[in-house]
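Have the viewer open and follow along.

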Amino acid sequence: MKATSGINAIEPTTQDTREAFIQDTLQSGAGINQKDLVEKLVDESRPALDWLVKASEFEAGQPTLELSLVSRCGGHSHGRTHRCPAQNGRPVPVGWKLVDTLKKRFTSFEDVEILTNAKVSALLTHQNRVVGVEVLKTEENGETEKRNIDAQAVVLTSGGYAGQTGETLPDGHSTLLKEFAPRLLHTATTNGPWAAGEGVRLALAVGAGMRDMDQVQVHPTGFVDPSNPTAPTKFLAPEALRAYGGILLNGDGKRFTDELTLRDKVTAAVYLQTKTIHDHKDSLISKIIPQEKYAAAYMVLTDEAVEGFGKSTLGFYASKGFFTQVKGVDGLAKLMDVDEKDIKKEFEEYDRHVESKTLDAYGKSVFPGRLLVPDTTYWVALITPVVHYTMGGLNMNVDAAILDEDASSVIPGLYGAGEVTGGVHGHNRLAGNSLLECVVFGRTAGRNAAIFAKSQ
């Protein structure tokens, strides 16, 4: 729902290829993702987009979903991340649009029932086969009723465990983050508290296996709200902002990384800039960020970058107070409490690589646009690393069937898709691959669950 950068698919207009997409995903995963899952993800990427667009046709030949904007996000060798253009001057967040489209399609079917205010408390099994779910349903009078729902197959799509960054859950149990990635406890997150790994625990209780549970992605750019800088939950500053030319500057007004490299590398670079935050006491970053150790940096975009990303979409973030607008290099230097000549020198160096198309000192090879633009307004935000995504989860095969603890056989009747599962992304997820994973493996899980159910 919150995804804003887009959904990936092999894109012929950017000279993208199957081999390049597979290699980018494996390289991002540092060799621990499962290759057959990656190959399936890539091979079914274009059919996944076509299926989404077709699903949006509530009148024949008139799709209501458009995924025509393509950007090249960090870690990608080609542009392949698709998102929605603005409509009537208003932004169309791609995650929300996909969910809204599929919700409308799903609720148009007559033979489905949706339970709200209901929580799955257990998977029901018979002779090692999943045969339904136990549900706790909260009624209008506030009372909770326990009921069993019989099913020939169950599909888990309950998400990850990045929303609970404390040590314990409300029920007193340890969080999965504490169990598997304690180094990230109390880090701000882009997830809501509902992302607690409940689906993982449900499957573990019936003998499912896990993998890569310690692999938790820290996204380099979560927006810092100047009115509440230490808020534990933050809006994501989407990677597409950097794909269209956003740069990162430390407290001294210096670039320090390739803004379009892999997320884990950008995150590590931001952490290393913590010592510069309070070098200039009258700067925006020094005034906003607390004195205790807290990683942060500036994100800066020109008007050109803002237009490329979508001014209406960025306007939403600006309305939240995340951006400050300043006129020209002199205004930027004043905001950052640094010498105007130093900022200009930094930008001139960047622009030389825009013109020469050569690597800069940080290995950056893609320069979306110039920084020194006459009469431009600079849009400035503060960002901080945030827990964003859990690459680990339930072990599954290419049929989206959940495997047992030994990974030697499937648990009959149990399937999964999305962040509740592991194996696709490995050490680090590429922007745009999460929505794609949901569609590719969601379709696979649904199809195979139906086939299995009919066989029973």
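What follows covers the basis of the model, then its aromatic pairs, its charge-over-ring contacts and some of its strands.

## Ground rules

This is a predicted model, so to speak plainly: local features need pLDDT of at least 70, side-chain atom pairs count only at pLDDT 80 or more, and totals for chains, interfaces and linings use all residues. Residues are numbered from 1 along each chain as its sequence is written, and side-chain values use heavy atoms, with hydrogens and water left out.

## Aromatic pairs

There are 11 aromatic pairs in the structure. Here, rings of Phe, Tyr and Trp (its six-membered ring) pair if their centres lie within 6.5 Å; planes under 30 degrees apart are stacked, over 60 edge-to-face, and the rest tilted. Take F223 and F323: their ring centres are 5.5 Å apart and their planes sit at 70 degrees, so this pair is edge-to-face. It ties together distant parts of the chain, with F223 in strand β9 (residues 216-223) and F323 in strand β12 (residues 323-327), 100 residues apart. Strands (E, at least two residues) are DSSP runs, numbered from the N terminus. Both F223 and F323 are buried, where buried means under 20% relative accessible area, exposed over 50% and partly exposed in between (1.4 Å probe, protein chains only).

F316 and Y317 also make an edge-to-face pair, because their centres are 5.5 Å apart and their planes are at 70 degrees. F316 counts as partly exposed at 37% relative accessibility, while Y317, at 4%, counts as buried. Ring pairs join F223, F235, F316, Y317, F322, F323 and W379 into a cluster.

## Charges over rings

A charge sits over a ring if NZ of Lys or CZ of Arg is within 6 Å of the ring centre and within 35 degrees of the ring normal. R83 has its charged end over the ring of F309, 4.8 Å from the centre. Over the ring of Y389 you'll find the charged end of R429, 4.2 Å from the centre.

## Strands and pairing

Back to β9: 8 of its 8 residues are buried. β9 pairs with strand β13 (residues 377-390) in the antiparallel sense over 6 bridges; two strands pair if DSSP finds at least two bridges between them. V218 stands opposite V387 in β13.

Elsewhere, 3 strands make an open sheet in the order β8-β14-β17, with mixed pairing. β8 (210-211) and β17 (421-422) are at the edges with a single partner strand each, so one side of each has no neighbour in the sheet. β8 meets strand β14 (residues 393-395) in the antiparallel sense over 2 bridges, and R211 has G393 in β14 as its bridge partner.

How values were computed:
Helix = DSSP H or I, 4+ residues; strand = E, 2+ residues; numbered from the N terminus.
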